[in-house]
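Please keep the structure open while going through the points.

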Amino acid sequence: MSGDPFLELKREAYRWLSDERARAGMERASASFEASRRLLEGNAYVEELAREVREVKRRALRELESLVARARESLERNGAHVVVARTRDDALRAVGDIVGSGKLVVKSKSIVTEELGLREYLRGLGNEVWETDLGEFLLQISGNRPSHFVAVSMHLPREEVLDLLREKLNYRGPGDVPSMVGAVREFLRDRIMRADVGITGANAVAAEDGAVVQVENEGNARLTGTVPPVNVVVTGIDKVVPTLVDAFRVALLESYYVGGTPPTYVNVTSGPSGTRDVEHVLVRPAQGAKEMHVVLVDNGRSAALGTPLEEVLACIRCGSCQLACPVLTTVGPAWSSGAYMGGIGVLWTAITMGAGAARPLADMCAECRVCEEYCPMGIRVGLLAGEIKRGAGQT
Ligand code: SF4
């Protein structure tokens, strides 16, 4: 070990470069991305949506503190318990206090929980924790890191998935993708149905309405948030926007930029389940979760306001820039601080872990700025990563 973080990163990158299977996975994912990108070309509806979301997010960042306070009030009015966590430790403690120990916990995909290291923390408290998103589940059982915000396991080709399922789930079925997905579905459904706590994320939080919006395709987030008696939503304060209509816009845009199509599911949660069917009297719970908790994580975000990194807080984590990046699509999860990878990962690392942690990652940025052509939010990813490389522009 050299002790030089940049050399360590380079070593890791060379290791990935010589991994034929990982390269095959990345190449297949990039080709599929190109196909879905083509669906968006000249789509006036999506272009208009992007323009609206840029405006919504810019306005939201100007009044973020008061929007977070309003979101808290509205969610509490709707029956949720809310914690605004200033630091990573505060956030972990808040979730740990809700979950306790000895529980079966299921999770849907959430970049903020990766940022916190929540799964490992909850396991350390003596809980059994399962990721229910297929890609996250594959990372969990393989001990791998994510290589993309949304397509987290894009570096794992089907051959490797088959080996993993054989080893970890004792899977003996065929190696075609539908059969493997079916096996994981059975495994995870059993855990979801028995779980004590379901942890979910958010694409956006509506301050006025007190509602959390999440898009997904697998249906796992919907089950994770409603089947277990306790639902804990963990997300960043940057996700708060004024209204539910704004939140829908953000969520839809993210979905279009990920796959070129609308999401299969849009989940809106504004409190624990309830009914007014008898004499219009509200009774909780009904069929869904009995409790809803929302942990809004700051962890460096409010400190980025008023700095060159403020524009990064408008990022909707669509990962479009990541799939366009020639470095990330070559070295995969080697160019990452854990939750955050690629050029945009440099910037999120600077916000959540500080410029010292981000600088070795910034050294790997080619500064070609191709990523910026693909960003619906107009974030100057390559420019800002270059500034961090040269020791300017960080929080
Ligand atoms: S920087 Fe832009 S393209 Fe990249 S993830 Fe964020 S919003 Fe998407």
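Is N170 buried or exposed? N170 is exposed, with 8 other C-beta atoms within 10 Å; a residue is called buried if 20 or more other C-beta atoms lie within 10 Å of its own, exposed if 12 or fewer, and partly exposed in between, with C-beta atoms placed from the backbone.

1. Basis of the note. This is a predicted model, in which local features need pLDDT of at least 70 and side-chain atom pairs count only at pLDDT 80 or more, while totals for chains, interfaces and linings use all residues. Residues are numbered from 1 along each chain as its sequence is written.

2. The phi angle of N170 is near 60 degrees, which is positive although the residue is not glycine. N170 sits in the loop between α9 (158–169) and α10 (177–194); helices (H or I, at least four residues) and strands (E, at least two) are DSSP runs numbered from the N terminus. E279, also a residue other than glycine, has a positive phi near 55 degrees and is placed in the loop between β9 and β10. E279 counts as exposed, with 6 C-beta neighbours inside 10 Å.

3. A cis peptide. The bond joining R284 and P285 is cis, with omega about 0 degrees. P285 belongs to the loop between β9 (265–269) and β10.

4. Domains. The protein chain is divided into domain 1 (5–41 + 303–389) and domain 2 (46–299), with bounds that come from an automatic or database domain assignment. Their C-alpha centres lie 22 Å apart. The contact between them takes 32 residues from domain 1 and 36 residues from domain 2, where contact requires C-beta atoms, placed from the backbone, within 7 Å. On the side of domain 1 that touches domain 2, the elements giving two or more residues are α2 (20–40) and α14 (320–324). Helix α2 gives the most to that side, with eleven residues. By class, that side of domain 1 has 17 nonpolar, ten polar and five charged residues; Ala, Val, Leu, Ile, Met, Phe, Trp, Tyr, Cys and Pro count as nonpolar, Asp, Glu, Lys and Arg as charged, and the others, Gly among them, as polar.

5. Nonpolar core. The largest nonpolar core has 116 residues, and V240, A247, V295, V312 and L347 have the most contacts inside it. Such a core is a set of buried Ala, Val, Leu, Ile, Met, Phe, Trp, Tyr and Cys residues joined through C-beta atoms within 7 Å. Helix α12 (residues 244–259) gives the most to this core, with nine residues. The core draws at least three residues from each of domain 1 and domain 2. Leaving aside neighbours within four places in sequence, V295 is in contact with V83, A85, A91, A94, V95, V232 and V234.

6. Helix α4. This helix (residues 64–77) has 14 residues. Its buried residues are L64, L67, V68, A71, R72, S74 and L75. They pack against α3 (44–62), β1 (81–85), β5 (204–206), β8 (240–241), β10 (291–297) and α13 (301–304). Just after α4, G79 takes a positive phi of about 100 degrees.

7. Of the 15 residues around the ligand, C315, C318, S320, C321 and C375 come nearest; a residue is near a molecule if its C-beta atom, placed from the backbone, lies within 6 Å of it. The shell around the ligand has twelve nonpolar, two polar and one charged residues.

Conventions: Expected span 1.5 Å × (residues − 1). Contact = placed C-beta atoms within 7 Å.
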